[in-house]
Structure formats: C-alpha cells, structure tokens
Amino acid sequence: MDVKEAAGDTPLLRRSVPGASARSTDGGSGERKREAVTFWLYRAGERLIQAVPRGLSMPAAAAVGNVAFDLAGSKQRLIAENLSRPMRLPPDDPRVRRAARRAFRNYAKYLVDMMRIGELSEADAHRMVSIENFSILTEAQAEGKGVLMCTAHIGGMDLLGPALKGVGESLYVVADDTTYGRLYDHLAQARARQHIFVIGWRNLRGMFKVLRENRNLVLFCDGGYRRGDVPVELCGEPTTMPIGPATLSAKTGAPMLTVACRRTEDDRFFTRGLPLIHCASTDPAEIQRATQAVADELSTIIAEDPGQWYMFRPVWPQTDADRRHAAEALAAARRGEDWTKIAA
C-alpha cells in the first residue's frame, strides 16, 4: 500500500472479505515496521513541506517525481499500460512514456498538497481551486437523497474539500482503514480540519447515514478489474468497476455525480461536475447501465489529460482468461442478459 491508499483514495465497496478486521494486525513484525517507518517518514516530510512556500515545493516535488519514475522499475510499465488505453497508443510509445513520467510528477505534487492540507487557509483554498459549475451539486442536493460523488485518481480530489468548506459543504470519503493505522488516523485528522471526513470502506451504516443527511459521499471508482464486479467498457476496453456506487444509488435514490479536480499548469485546480446519473433498481441490467454511464464519463475525464491519472495498480485484466471473462460479461450485459451468471 502507498500513501495514496492510506490517505483514503482506494477502491470502494468491494464485496466484504470474511474475517477482515478494522485494522490489519496480522501482517507480521516486518509489515508493522514498514508501517511505522512510513508514518515517521511522512511526518518528517510533512514538517519540511509546511516550512517551505508552496511555490518552491512544487518544482521540488516534480523533480522527486522524475527520480521516482526513473527508479520505478516494473511500475513504469504498469503505468504505461494503464495510460496507453485512454491515449489509444502502444505502451512503449514515447508519448505514453512521457505521460507516465508526468503521472509520477503529478502524484508527487499531490503528496505535497496532502502534507499541507491540514493547514490550508480558506483564502488559500479560494485562490487554488476553481469550481466551474457548483450549480450541479446544488441540483443534486435538491433531490434530498445525498450525493454520490464518483471520481478517479486524477489531479487532487482532496483539494475540493477546502474549497467546498468555504461554502459550507463537507465531503465524506470512503477509504481503506485496515492498514497503516497511525498514518490513516493522522491523515484523517488533517482532512477533518477541511471538512473532509473519512469512512471505513466496510462501514455501510455510516455511508447510508451520510446520504440520509443529504451530504456528499466520495467514491473512487478506478480500482481495477475484479471478477464479480460490474462489467464496463473503460477507455475502449472491457474491465470492471465496483458494484457499490450504483447499488447505493438504487437503494437510496441518491444521484451519482461524476467529478474531477484537475491540476492546472500553474498548480491550481479546476473542478467540474458532469451530468447526474441515477440508478432505478438493483436489477443487474440497471446496475450495469448506470455503472457504464459513470465509466463513460470517467473515460472522458481521463482522456482529457492522461498524465494526471496516477493509478499505480492494473486497471484492465492482466491474463488472457480474465480478458476473455471481462469481454464475455460485458457482451452478455449488452445483450440484455444477466452478467452475474457468467461463469467465474
């Protein structure tokens, strides 16, 4: 797990893992040591970053991102394979490699902004973040069922929190709370100062409560292929997306609002929401239709600037068997058949 996952940007609402605990304690002494080292390295970096003006720390972060890319080994190929889909180019194309390097730089900048987020002032947030169409959030909230903000690992979704705080709004982010306990708690506290509240990914009661109170629940939807999840076409190829967002929409009536907070060339952020999506029932065909609509909108967002998409896990199937299964499930859904019945 990396700092991004400890910060809460994780796949969400997967089917529950039997026997899983609130905090992972069975990883062995080596794992616990790694978590402790990660925590103290993050805290040291945080203190340093908070002592340096943001205008200086951003170029430094970009330089660190370049070094990280050069040392990334197999991660270079993984990122290139992910970015090749929205770019419609082979993974070894030089343009894809440049975009992959930019993804590392943008992720390093994201970490710097996360290290500063707890101390960000309202004036700073106002200068840094521009919201193009706040009215679409107002439209979604007018339904009174809460809002499911569906997003991907692009730009800096966390920075939307301080901007919305300035207009009296809060974000509730679904996160993996099973590992990196101290770092998770520290980041949760820093986020809470900006009205960003973290909910454990198995806390369904908490999610339903957020929606009943007509609040904004953030769901990251680009976690990658997993048999049993919803078959979709993403950036032109079959994969899956989590079943949770559409299921929550169906069960609560909450609209799904696809949103991205994109980094600009001057390291500010530009946010816009796409048209609302509703899921009318938990029928597999309706779940797939609504999830595909979210996938289509995320495909558009990712393709606009693939170098801002820092997803360091495989998003599409990695084996021939999984690729066949993904294609068969998607084809069944398009024929109007029950895609959940495709043999695993």
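Buried, in these notes, means under 20% relative accessible area. I'm working on a predicted model here.

**Aromatics.** I picked out Phe-104 with Phe-312, which sit edge-to-face at 5.2 Å centre to centre, with 70° between the planes. That angle is edge-to-face because the class takes planes over 60 degrees apart. I then looked up where the two residues sit: Phe-104 belongs to helix α5 (residues 94-116), while Phe-312 is in the loop between α12 and α13 (320-334). They are 208 residues apart, so I noted the pair as a link between distant parts of the chain. Buried or exposed? I checked both, and Phe-104 and Phe-312 are each buried. Both also belong to one aromatic cluster, along with Phe-69, Tyr-107, Tyr-110 and Tyr-310.

**Sheet.** Next I traced the strands. I found 7 of them in an open sheet with mixed pairing, ordered β1-β9-β8-β2-β5-β3-β4. At the edges I have β1 (129-131) and β4 (196-200), each pairing on one side only. Neighbouring strands are turned by 30° against each other on average, direction ignored.

I zoomed in on β3 (residues 171-175), which runs parallel to β4 and is joined to it by 5 bridges. Within this stretch I located Val-174, opposite Ile-199 of β4.

**Helices on the sheet.** What does helix α11 touch? I see α11 (residues 244-252) packing on the sheet against β2 (147-151), β5 (216-220) and β8 (256-263), its direction at about 165° to that of β2. Helix α12 (residues 284-304) packs on the sheet too, touching β2, β8 and β9 (269-273). For α12 I noted a direction about 15° from that of β8.

Methods:
Residues are numbered from 1 along each chain as its sequence is written. This is a predicted model: local features need pLDDT of at least 70, side-chain atom pairs count only at pLDDT 80 or more; totals for chains, interfaces and linings use all residues. Side-chain values use heavy atoms; hydrogens and water are left out. Two strands pair if DSSP finds at least two bridges between them. Helices (H or I, at least four residues) and strands (E, at least two) are DSSP runs, numbered from the N terminus. Axes are lines fitted to C-alpha atoms, for helices over the stretch in contact, and angles run from 0 to 180 degrees between N-to-C directions. Contact means heavy atoms within 4.5 Å. Rings of Phe, Tyr and Trp (its six-membered ring) pair if their centres lie within 6.5 Å; planes under 30 degrees apart count as stacked, over 60 as edge-to-face and the rest as tilted. Buried means under 20% relative accessible area, exposed over 50%, partly exposed in between (1.4 Å probe, protein chains only).
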